Amino acid sequence: SPYKLAHIGRMVFPTSVLDPFEGAGHWHGVSPISAQPLVELFARIPLHLLIADAEDRTIARRAMKGLLPDALLSRKVKSYLDDHSVAVTQGHQRFIRNLLVDGMLAKRGYLDSALADTGIQ
């Protein structure tokens, strides 16, 4: 399915490898997760297993049960604003509003002031 292809695409890329020779020779990036056996494994795992019980990363969560704290295994999002980030953003709300709602980009029409204000609230 196109959803499965998108899933594989997100797991394989991007490639990021440091050049240990600092440009002294021909070097190319390699992504270990894009090894053919792993890509074939991803392709064979049905999507419904990856999100069983309406929970993302189900297989990984079950595999790590007992090895990682329950709070980590039960979180619903990854790479999302944590409490500290939210607190810092709220603490600087006036400054952010001045930049986005009343700033130069809004005055020149690059930002929608009303939409920015709604988002900040």
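Q: Where does A114 sit?
A: A114 is in helix 9. Keep in mind that the model is predicted.

Q: Is A114 buried or exposed?
A: A114 counts as exposed, because its relative accessibility is 53% and the cut-off for exposed is over 50%.

Q: T118: buried or exposed?
A: Exposed. T118 has a relative accessible area of 55%.

Q: What's the C-alpha separation of T118 and V101?
A: It is 9.7 Å for T118 and V101. The two are 17 residues apart along the chain.

Q: Switching to charges. How many salt bridges are there?
A: The count comes to one salt bridge.

Q: Which residue pairs with D117?
A: R97 does. The closest N and O atoms of D117 and R97 are 2.8 Å apart.

Q: Why does that count as a salt bridge?
A: D117 and R97 qualify because the 2.8 Å between their closest N and O atoms falls within the 4 Å cut-off.

Q: Which elements does the pair link?
A: D117 is in helix 9, residues 113-120. R97 is in helix 7, residues 93-100.

Q: What about the accessibility of D117?
A: D117 is partly exposed, at 22% relative accessibility.

Q: And R97? What does its accessibility come to?
A: R97 comes to 24% relative accessibility, so R97 counts as partly exposed. Buried would need a value under 20%.

Q: OK, helix packing. What angle do helix 7 and helix 9 make?
A: About 165 degrees. The axes of helix 7 and helix 9 are 10 Å apart.

Q: Roughly parallel or roughly antiparallel?
A: Helix 7 is roughly antiparallel to helix 9, because angles over 145 degrees fall in that class.

Q: Left-handed or right-handed crossing?
A: The crossing of helix 7 and helix 9 is right-handed.

Q: Which residues meet there?
A: Helix 7 brings Q93, I96, R97 and L100. Helix 9 brings A116, D117 and I120. So R97 and D117, the salt-bridge pair, are both among the residues that meet there, because heavy atoms within 4.5 Å count as contact.

Q: Different spot now. Where is L38?
A: L38 lies in helix 2, which covers residues 36-44.

Q: How accessible is L38?
A: L38 has 34% relative accessibility and counts as partly exposed.

Q: How far is L38 from I8?
A: C-alpha to C-alpha, L38 and I8 are 9.8 Å apart in space. In sequence they are 30 residues apart.

Q: Zooming out, how many helices and strands in the protein chain?
A: Nine helices and zero strands. From the N terminus on, the elements run α-α-α-α-α-α-α-α-α.

Q: What share of the protein chain is buried?
A: Of its 121 residues, 14% count as buried.

Terms used. Residues numbered from 1 in each chain as written. Predicted model: local features only at pLDDT ≥ 70, side-chain atom pairs only at ≥ 80, totals over all residues. Heavy atoms only, no water. Salt bridge = Lys/Arg side-chain N within 4 Å of Asp/Glu carboxyl O. Helix = DSSP H or I, 4+ residues; strand = E, 2+ residues; numbered from the N terminus. Buried < 20%, exposed > 50% of the residue type's maximum accessible area, 1.4 Å probe, protein only. Axes fitted to C-alpha atoms, helices over the stretch in contact; angles between N-to-C directions. Parallel < 35°, antiparallel > 145°, perpendicular 65-115°, else oblique. Left-handed = near helix turned anticlockwise from the far one by under 90°.
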